[in-house]
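Please keep the model in view while reading.

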Amino acid sequence: MAHPQPMPQLTPQPRAHVALIPTYVPGKPPTPRPGLTTYKLSSNENPYPPLPGVLEAATAAAAVMNRYPDMGSTALYDALAVRLGVPVSDLAAATGSVALVYQLLAAFCDPGDEVVHAWRSFEAYPIAVTTAGATSVQVPLTADGRHDLEAMAAAVTDRTKVVMICTPNNPTGPSVTQSELTGFLAAVPSHVVVVVDEAYLEFVRMEDAVDGVATYRAHPNVVLFRTFSKAYGLAGFRVGYAVASTPVAAALRAVSLPFGVSHVAQVAAIASLAAEDALLERVDALVLERDRVVAGLAGAGWAFPEPQGNFVWLALAERTADFAAACDAAGIVVRPFAGEGCRVSIGEPEGNDRLLAVVAAFGHS
C-alpha cells in the first residue's frame, strides 16, 4: 500500500520586491586609536553640542517619558508655522526627513508607479522606492555633480507619480538654483509631486538660491522636506518636517506612524527654533570651515563639485577604498561609496586638518 507523500513545508514569504530592497549603509564611527583623538566625518553631523537651552528642555521633557507624546505635534507645528509663515495645516512631522520619503511614497505610489530622482543622490531614495513597490528611475548627475533637471523632466512619463530633488545634493554637494527649479516645474505636469529635499538648507551660500517656501506657495505639487538633524544638531532625536499644500500634508500625516516623533524630540526641536540666533552663528562657523577645507583641497590640486552642504565630495573612482583607509589610519572616518568616491563631512577644525594632511600625502584626484 502506497504511503501518501508528505506535504511540502510552507514558510512565510515576504512580498517579492522586499528581496530587492538595497541596504542602507550608515556612516561608521572611527576606529579607536590609542593616544589619538579620532573624528567622525562620515555622517554629515553637526559637530557642536546642543544649542543653549536645548539640553535642559530635553532633560525636563524626559521626566515624563511614561506618557505618550503629542501625536499631533501641536506645539511644534505652532512654532514652525510662526517661523515659516505657513498654516499649521500645511505641515507634517516625522522621524527625520527620511521618514517623510517613505510616507510620501506610501501615500502617492501604487506598485509599478515611477519615481524619478538623480543618481547618485540620497541613498534612501531607491530603498524607499523599492519598499513601496514602485520603480526607481535614476537620472545621472552631470559631470560636475549637479542635477540634470532637463534630463529629469524628459524622464517623466505617464507612470511618474513623484520626482525627488535633493538640494544641496547628498553626497556630491551642489544645489539647484531657483531659476533651474522654476524652469523644471514649468516642464513637469502639475499632478506629479515634486519633492524639494532641503536637509542641508541652512548651509547654502549662493546666488539665486532656492526659496523653498515661496516655491511651495506658487506650486501646489511642491513638497519641502526639512530636518533638525543637520544644522540644528538633533540627529539623535529624529525629527523632520514637510511643508506642503494642505491635501498633500494631510496625506503625509494620514500614513505616519502614530506617536512617531517622541515628546523629547518635539521639545528639543521647539527649543532649537528658539535658539536660532546661536544656531546661525554655528552654521556660519561651519561654512567658514567648509571654505577653509575647499581652499586646502583646491590648493593641493584636487577637483570637486561645488559644496553647498556641510560636506565635500571627492570623486576617487578606483582609489576610493585606499583613500578611506588612509583617512582611517589618520584617525578620521569618511563615507566611501565603492568605486565612486568619498563624502567627507565638515567637522571639528582638528579633524578637518587631518583630512587636509591625508589629502596632501595621498596626491590629488
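How much area do domain 1 and domain 2 bury between them? In this predicted model, the two domains bury about 2,500 Å² between them, with 57% of it on carbon and sulfur atoms. On the side of domain 1, Tyr24, Glu276 and Gln308 contribute 26% of the area buried against domain 2, more than any other three residues.

Charged groups also take part in this interface, across which four salt bridges are found. Elsewhere in the description of charges, Arg335 deserves attention. Arg335 is joined to Glu123 by a salt bridge whose closest N and O atoms are 2.8 Å apart. The charged end of Arg335 also sits over the ring of Phe337, at 4.1 Å from the ring centre.

In one of them, the ring centres of Phe323 and Phe362 lie 5.2 Å apart and the planes meet at 85°, so the arrangement is edge-to-face. Because Phe323 belongs to helix α11 (residues 320-329) and Phe362 to helix α12 (residues 349-362), this pair ties together parts 39 residues apart in sequence. Phe323 is buried, with a relative accessible area of 0%, whereas Phe362 is partly exposed at 22%. Ring pairs also link Tyr24, Phe122 and Tyr125 into a cluster.

Terms used:
Residues are numbered from 1 along each chain as its sequence is written. This is a predicted model: local features need pLDDT of at least 70, side-chain atom pairs count only at pLDDT 80 or more; totals for chains, interfaces and linings use all residues. Side-chain values use heavy atoms; hydrogens and water are left out. Rings of Phe, Tyr and Trp (its six-membered ring) pair if their centres lie within 6.5 Å; planes under 30 degrees apart count as stacked, over 60 as edge-to-face and the rest as tilted. Helices (H or I, at least four residues) and strands (E, at least two) are DSSP runs, numbered from the N terminus. Buried means under 20% relative accessible area, exposed over 50%, partly exposed in between (1.4 Å probe, protein chains only). A charge sits over a ring if NZ of Lys or CZ of Arg is within 6 Å of the ring centre and within 35 degrees of the ring normal. Buried area is the accessible area (1.4 Å probe) that two parts lose on being put together, summed over both. A salt bridge is a side-chain nitrogen of Lys or Arg within 4 Å of a carboxyl oxygen of Asp or Glu.
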